[in-house]
Structures are given as C-alpha cells and as structure tokens.
Amino acid sequence: MNPLRSFLLNRLTRRNLETHRLLIESLYSIAPPASVASAAAEEKRRYSSGRTTFRSSELLQKIYPLGDPNDANLVSVIDSWANIGNKVRPWEIQHVIRDLRKRRSFKQALEVSEWMSNKKIGSLCPSHHALQLDLIGRGLSCRQVHNPFTEDERAGLRFHSFDMCLHTNTNQHEKVPLIFSEMKKNKVSSDNFSYRICMNSYGVRSDIEMAERILEEMEKQPHVVIDWNTYSTMAGIYIKAGLSDRAISTLKKMEERMEWNNGLAYGHLISHFANLGDKSEMQRIWELQKSNCKRITNKDYKVMLAGLVKLREIEGAELLFNEWESFGNHFDCRVPNILLNEYRKMGLLEKAEAMLNKMEGNGKTPLSSGWGILACGHAQEEEMRKAFECMRKALALYVSGAGWQPDSEVVSRIVGWLGEQGKAEELDMFLGLLSKAVNLDREMYHAMIKVNIRDGKDVDWVLRGMKAAKIEIDGETEEILRVKETDQTSSCGIRADDSQQILN
C-alpha cells in the first residue's frame, strides 16, 4: 500500500475510534467509583504542582500553576495569552480540555471548549465535537446554572445532537429536521445548540419559513437561553435570501443580546453589515468595538478590512491598514493579503508590489501567499517575466503545511513560458523550488526537454527523470523530440526514436 495512503487511513481510524469512544462514554455514563472522591484531592494537588505531561508549552506552564481548576478563570488566562500576540496551538487547548474533563471540572472544560470553537482554533474534527457535546449534555452550559434535563434526557440529547452534527458536516442538511422531529417524538427536550443546527439546515436550503418557525419556537421555550449567535445565524439566512429588512431587525436583537466586550460578536455584526452594503453601520460597530474591547486583535482588523474591501472602499481600507501597521500587533501577513488580493483584482499591481517591498524594507518578511497573489496578477496581465519573478520569490519562502499552495494554472503558464522563451538555468531553478511544493508532471518535463533542445543541450537525463517518475512517453513527447532533426538541435546527441530506448 502507498505509505501516504496507509498513514492517512491509520490516522482516520484513530480519529474514528476516539470519536466512538467519546460518544459511547457520553451515552452510557458510568458512576465514578468510590476511589474517585479520594483521588480528587491528589488530582487537584497535581494540577497546581505542575506534575503533568506536555509541559513543553509556555501556555501550559502558565495554566497549571493556577491551582484548583474550579477556582481559576482559565478562559481569561488563555484569551489574554492570545491577545498579546502569542500563538495558541490546537493540541494545547485539546490537552487542557481533556485534562479538565478527567478531573471532572466539566464547567471549566466546556468554557475552554467553547472558546476554542468561537476562536476557530485549528480544524475542529469529529472527536472535538463529540467531546463538546458530551460536556454540553451533562447540563453544565456556561450560561446556565440550573440544568433542566434529566440524565436520560441528556443521553438522548447527546445522541441526537451528535447525529445532527454528523449530517451537517457531510452536507446532508435535509436529514437534520428528521432527527429533530424524532427528538420531539421521543420527548427529548432540545437546547440552543440543537435548535440552531436545525434552523441552519433550513437556511442552507433557502427554506426561510421553516427557519423562522424554529426561531419562534426557540423564543417560546423557557428552558432555552437564546444567545447572540442564534440571531447572527438567522440574520445570515435573511441576507443570503435578500431579505434586508428582516436581517436588520434580527441584527438589532443580536446586538441587544451580545456582551459589550465580545470581539467575536462585533466581528459577526461587521461581516453582516458588509454583506448588506452598509458602511456607516460597519463603522459604528467598529468604533464601539475599539471603545469597549481591551485589545483589537489581528483577526478583528481582518474582518473590518475584508468588509471595506468587499464594498470597494479602497481608500478606507488603506487607512485601516496603516492604522494596523502602527498599532503594534504581532505581524500577520494575512492582514495585508486582503488588500493585496483587491489590488490584484483591480489591476493595481504596482501598489501591490510597493506594499510587499515596503514590508520587506521594514524587516517583515511576507508569506509565500503575498508574492503568489502578485504572480497571479502579472499572469492575468500577460506579464510572464514578472509573474515568473514573483512566483520564484513565493516558492523561495514556501513552507510545507503553512496553508499556501502555488496556483496550478499560473504555474502551468509560467512553466510553458519558460519552455518556449526562458533559459535552461531559469527553468531548472524554478522547478527545483517548485518540487518542494508539488510533484513534477509531464508538462514540466516537456518544458525541460524544449529548453534544453533549444539551448543545444543533452536531454537524455530529462527522459530518464520521466522514467523514474513513471511518466510514459507519449505522442507529444515524440513530437517535441523530432525538433532535434533540424540543424539547430543536431548537437543534442539524441534521436526521436532513441527516446524509447532510454525509457526501456
């Protein structure tokens, strides 16, 4: 079996086993043995003494000395750590959540889990959703002191909520209302989370009437605490359907429900008003956020900048970008990339290049994606020499797994141009950089044959490379090799019919 395929299958199997283990634990919770109570003091002591695993992280070194987790505001510590520009890695948060769950500090575990979901830390896999549903199902929501569910109801809620999440994540939205109806039939009380999943399933399918019915039903339930996120979901459904008046009315309710210092909620409002084309409301919310929140993060600037760009308010976006540069936040190239992309779309490539050069001059190295954006722009303008130079810079900065991959269409055009007009040294250098990001294909080998034939160089090493890469010779390869029959390429020392001999 292919080693990569084997690795992915093993990884998937481990994740599925973990998900099922959590789900089974959630559905069939077993009362803790008597020894758990006597071990609780030891667990708390170990928490404060720091005798635990994964101590290599500075964040964990700040968390574990806090003492009894039930007495510590862990979310505040983690949030403060992130807001000053430190990187929060998904495995750190997952470790804290599982450690709290093991110590039966379920309320704190749910708080940290919800923070991770709201901040979109990492890619939330099924096991994380199962763990969060387990914590929610125990009736320990951060916003509810009283738990309205019995143990049997909690088990039913966990099962059905997990099922709805599964169908949502696999784009089987039409099945979600069926599960929701089954919950009612089985007299399983719904919570905010399950209502919102069902409402969203109708919104995805543009069934506005049913989405409104779900929201109206939620508002009538005494045990359901409707938060700002629910109204944000409904507003998004209205905006997608072009129902601006209903969306604005719902956003007013959202603003009334949100905490005054919740940066994530402000971001949702700004995005919604951007989609509505309302710059004045965007600016009002932005000023409120800057006034009420202790710190404006890079993510907050990205949301506002994206909104201004969406409205083609380039001058306002440039002013905001200059403000971000002077604000002193940790440098994040994804912020300027928003403006770079808009410059590319508008054909303002000189401005884009000036921005990248300015960042480099200030000692801030752009990501590969920045030069990649500019390469796309030059390729669109048929400026292939400039596209080549920008893509070369992008590939020189390439880091595997960092999120950026070279645009395949732009790469294909650059390789084709090099094959027809470039130098062999340029093509060799470019493909050497490119090989760090993608596997070389037939088109790239053909370009190498063309440029070496044109420069009067031997091509048998290229054909041997094709053989090693298991790329068979075809009619196009043979047609390229026939060029050697002219006087220009007689020094290549290889005939078209020799290619088969080399590949055999």
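Author: Let me start with a definition: a charge sits over a ring if NZ of Lys or CZ of Arg is within 6 Å of the ring centre and within 35 degrees of the ring normal.

Reader: OK, which ring does the charged end of Lys393 sit over?

Author: The ring of Trp371, with the charged end of Lys393 4.3 Å from the ring's centre. Before we go on, this is a predicted model, where local features need pLDDT of at least 70 and side-chain atom pairs count only at pLDDT 80 or more, while totals for chains, interfaces and linings use all residues. Residues are numbered from 1 along each chain as its sequence is written, and side-chain values use heavy atoms, with hydrogens and water left out.

Reader: How many aromatic pairs does the structure hold?

Author: It holds 8 aromatic pairs. Rings of Phe, Tyr and Trp (its six-membered ring) pair if their centres lie within 6.5 Å; planes under 30 degrees apart are stacked, over 60 edge-to-face, and the rest tilted. Trp324 and Phe331 make a tilted one, 5.8 Å centre to centre with 35° between the planes.

Reader: Is Trp324 buried or exposed?

Author: Trp324 is buried, at a relative accessible area of 4%, whereas Phe331 is partly exposed at 23%. The cut-offs are under 20% relative accessible area for buried, over 50% for exposed, and partly exposed in between (1.4 Å probe, protein chains only). Another tilted pair is Phe388 with Trp417, at 6.2 Å centre to centre and 40° between the planes.

Reader: Where do Phe388 and Trp417 lie in the chain?

Author: Phe388 is in helix α21 (residues 384-396) and Trp417 in helix α22 (residues 408-421), so this pair links distant parts of the chain, 29 residues apart. Helices here are DSSP runs (H or I, at least four residues), as are strands (E, at least two), numbered from the N terminus. Both Phe388 and Trp417 are buried. Elsewhere, ring pairs link Trp286, Tyr301 and Phe327 into a cluster.

Reader: Switching to charges: which residues does Glu389 bridge to?

Author: Glu389 forms a salt bridge with Arg385, closest N and O atoms 3.8 Å apart, and one with Arg392 at 3.0 Å. The rule is a side-chain nitrogen of Lys or Arg within 4 Å of a carboxyl oxygen of Asp or Glu. Glu389 and Arg385 are about one helical turn apart because they are 4 residues apart in helix α21. Arg392 is partly exposed, with a relative accessible area of 26%. Bridges that share partners join Arg385, Glu389, Arg392 and Glu426 into one network.

Reader: And what's the total count of salt bridges?

Author: The count comes to 22. One of them joins Lys302 and Asp332 (3.9 Å, N to O). That pair links distant parts of the chain, 30 residues apart: Lys302 in helix α16, Asp332 in the loop between α17 and α18 (334-346). Asp332 is buried, at 9% relative accessible area.

Reader: Which residue in the loop between α20 (368-380) and α21 is worth a look?

Author: Glu382 is in that loop. Glu382 has a positive phi of about 65° although it is not a glycine. Most residues other than glycine have a negative phi. At 56% relative accessibility, Glu382 counts as exposed.

Reader: Last one: how many residues of α6 are buried?

Author: In α6, 10 of the 13 residues are buried, including Phe106, Leu110 and Trp115.
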